[in-house]
Amino acid sequence: MAGNNDEKGNIRRLGLWVWGLATGAVGIAFVFGILFWGGFNTVLEWTNREDFCISCHEMKDNVYVEYRNTVHYQNRTGVRATCPDCHVPKEWVPKIIRKIQASNELLHKALGTIDTPEKFNAKRAVLAQHEWDRMKKNNSQECRNCHNFNSMDYAEQNRRAANTHQEAFNAGLTCIDCHKGIAHTLPPIEQFIGAEKEGAAALPAASRAPSK
């Protein structure tokens with residue numbers, strides 16, 4: 001009888017030891033999970049600041065200079081749209097996808113692809129078209145975080161803007177269809193309308209707007 005009690009006691013102690021080990025492992029994993037998530041989110045948000053965006057001179061000396069002369073930088077209401085407000089989605093999954101895509105910029109930073117104003121302007125048309133295509137594909141998602149057809153008071157807009165916005169809404173157009181160059185200088189793109197534009201860049205055929 002005593003032997004059975006000892007055996008049961010050993011099994012009970014083994015069970016408690018396994019339970020304690022499993023509970024401790026889960027607890028440690030939980031703590032490390034919180035630390036990892038906190039660290040990951042901190043780095044993510046740290047790279048999602050305007051100061052980070054313009055920490056390289058490719059951005060600070062080119063597009064940032066242009067942006068500072070627009071209404072998105074300084075205006076009567078004091079509401080500023082920063083670099084990540086326009087170029088990084090707020091929703092989690094699209095934000096992560098955008099961050100992964102942006103990692104390609106690190107390669108070009110190392111290669112010095114646009115490290116001078118001359119190099120930057122030579123590639124401006126292609127860079128701009130990539131961003132326009134992205135915004136067209138996501139229905140100008142970042143623009144709509146602040147501007148939305150359904151929230152517009154057309155009575156407060158001038159007649160031309162009110163009519164154009166309502167026509168665009170009914171036609172299923174998105175912000176970037178009409179508002180290219182709203183925060184940066186438009187590149188000299190050949191639109192194949194009328195006389196040829198001297199010095200204009202011709203975009204790849206896939207990026208050209210369909211002719212009407």
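A residue counts as buried under 20% relative accessible area, as exposed over 50%, and as partly exposed in between. Cys 86 has a relative accessibility of 26%, so Cys 86 is partly exposed.

Confidence comes before detail. The mean pLDDT of the protein is 84, and 84% of the residues reach at least 70. Among the helices, helix 5, which covers residues 83–87, has the highest confidence with a mean of 93. The lowest confidence belongs to helix 1, residues 2–46, where the mean is 82. Residues 208–212 have a pLDDT below 50, and this stretch makes three contacts in the model beyond near neighbours in sequence. Where pLDDT is low, the predicted coordinates should not be read in detail.

Leaving aside residues up to four places away in sequence, Tyr 64 is in contact with Glu 50, Ile 54, Met 59 and Tyr 73. Tyr 67 and Tyr 73 are both buried.

The charged end of Arg 80 is placed over the Tyr 73 ring, at 3.8 Å from the ring centre. Another arrangement of this kind involves Trp 132: Lys 180 lies over the face of this residue, 5.4 Å from the ring centre.

Trp 37 is partly exposed at a relative accessible area of 46%, and Phe 40 is partly exposed at 33%. Tyr 67 and Tyr 73 make an edge-to-face pair, with 5.3 Å from centre to centre and 85° between the planes. Ring pairs also join Phe 36, Trp 37, Phe 40 and Trp 92 into a cluster.

The cysteines can be followed next. How many disulfides does a search of the whole structure find? The search finds zero. Cys 86 is in no disulfide, and the nearest cysteine sulfur to its own belongs to Cys 143, at 6.4 Å. A disulfide needs two cysteine sulfur atoms within 2.5 Å. For Cys 146, the closest cysteine sulfur is in Cys 86, 7.6 Å away, so the distance is too far for a bond. Cys 146 is exposed, with a relative accessibility of 62%.

Most residues other than glycine have a negative phi. Asn 139 has a positive phi, near 60°. Ser 140 is found in the loop between helix 8 and helix 9, and its phi is also positive, near 50°. Is Ser 140 buried or exposed? Ser 140 has a relative accessible area of 0%, so this residue is buried. Asn 139 has a relative accessibility of 38% and is therefore partly exposed.

Key: Residues numbered from 1 in each chain as written. Predicted model: local features only at pLDDT ≥ 70, side-chain atom pairs only at ≥ 80, totals over all residues. Heavy atoms only, no water. Contact = heavy atoms within 4.5 Å. pLDDT = per-residue confidence, 0-100. Helix = DSSP H or I, 4+ residues; strand = E, 2+ residues; numbered from the N terminus. Buried < 20%, exposed > 50% of the residue type's maximum accessible area, 1.4 Å probe, protein only. Phe/Tyr/Trp six-rings, centres within 6.5 Å; stacked < 30°, edge-to-face > 60°. Lys NZ or Arg CZ within 6 Å of the ring centre and 35° of its normal.
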